Amino acid sequence: MKDGLSWPKAGAYFRRAMMLRCPVCGQTPLFPSLRRTRTLHDWFTPLDGCPRCGYAYDREPGYFLLSIWAINYGFAALLGLVLYLVFEWFFDWPVWILIASVVGPVVLFNMLFVRHSKAIFIAWDHFFDPHEREGGDDGGNVSPPPSPVPGHPPRKARIPADAGV
Ligand SMILES: [Zn+2]
């Protein structure tokens, strides 16, 4: 294993993910509390970052695509497969009841598991690619380079026209 990768660390990050907490400090929630969740957007969207340690939860646009496609849909597909096999094996239902009995729980599972999918993905990413600054685990925040001209903000990085973004 690479330096810094260890089973105890992986276990700690996984536990924090299961509790929907920041992978770095393990204290701050990743999502708004249930009392503050008023819309589906609140339910699905993590906070910008950890106010305690400064770790950015959403590193870039599209960051959580893999968490949805691989983790959320993957587990939902497994659940659907198991439910289908169990229902098909033990019951002699018409096909439309069989489909409804599998699709209903799978959709519900997708909705309920989405926060954990994202939390697992954040923990996984932090484990394998911690984005640490020299000198310690600061949560992945990298401050911009100092301005060459005092009193003026630093220049933003330019994206070349042919970058295909
Ligand atoms: Zn934190």
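These questions and answers go through a predicted model.

Colleague: What is the mean pLDDT of the protein chain?

Modeller: The model is predicted, and pLDDT is the predictor's confidence in each residue. In this chain, 77% of the residues reach 70 or more. The mean pLDDT is 83.

Colleague: How far apart are the end C-alpha atoms of helix α3?

Modeller: Helix α3 runs over residues 65-90, which is 26 residues. At 1.5 Å a residue, the helix should span 38 Å. The model agrees with this, because the end C-alpha atoms are 36 Å apart.

Colleague: On which residue is the kink in α3 centred?

Modeller: The helix α3 has a kink of about 30°.

Colleague: Which element is included in what covers the buried residues of α3?

Modeller: The buried residues of α3 are Ser 67, Ile 71, Asn 72 and Ala 76. What covers them includes the helix at residues 95-128. That helix is α4.

Colleague: Which element gives the most to the largest nonpolar core?

Modeller: The largest nonpolar core has 16 residues, and Ala 17, Leu 30 and Ala 119 are among those with the most contacts inside it. Two or more residues come from each of α1 (7-18) and α4. The most, 5 residues, come from α4.

How values were computed:
Residues are numbered from 1 along each chain as its sequence is written. This is a predicted model: local features need pLDDT of at least 70, side-chain atom pairs count only at pLDDT 80 or more; totals for chains, interfaces and linings use all residues. Helices (H or I, at least four residues) and strands (E, at least two) are DSSP runs, numbered from the N terminus. The expected span of a helix is 1.5 Å times one less than its number of residues. The bend at a residue is the angle between axes fitted to the seven residues ending there and the seven starting there. A residue is buried if 20 or more other C-beta atoms lie within 10 Å of its own, exposed if 12 or fewer, and partly exposed in between; C-beta atoms are placed from the backbone. Two residues are in contact if their C-beta atoms, placed from the backbone, lie within 7 Å. pLDDT is the predictor's confidence in each residue, from 0 to 100. A nonpolar core is a set of buried Ala, Val, Leu, Ile, Met, Phe, Trp, Tyr and Cys residues joined through C-beta atoms within 7 Å.
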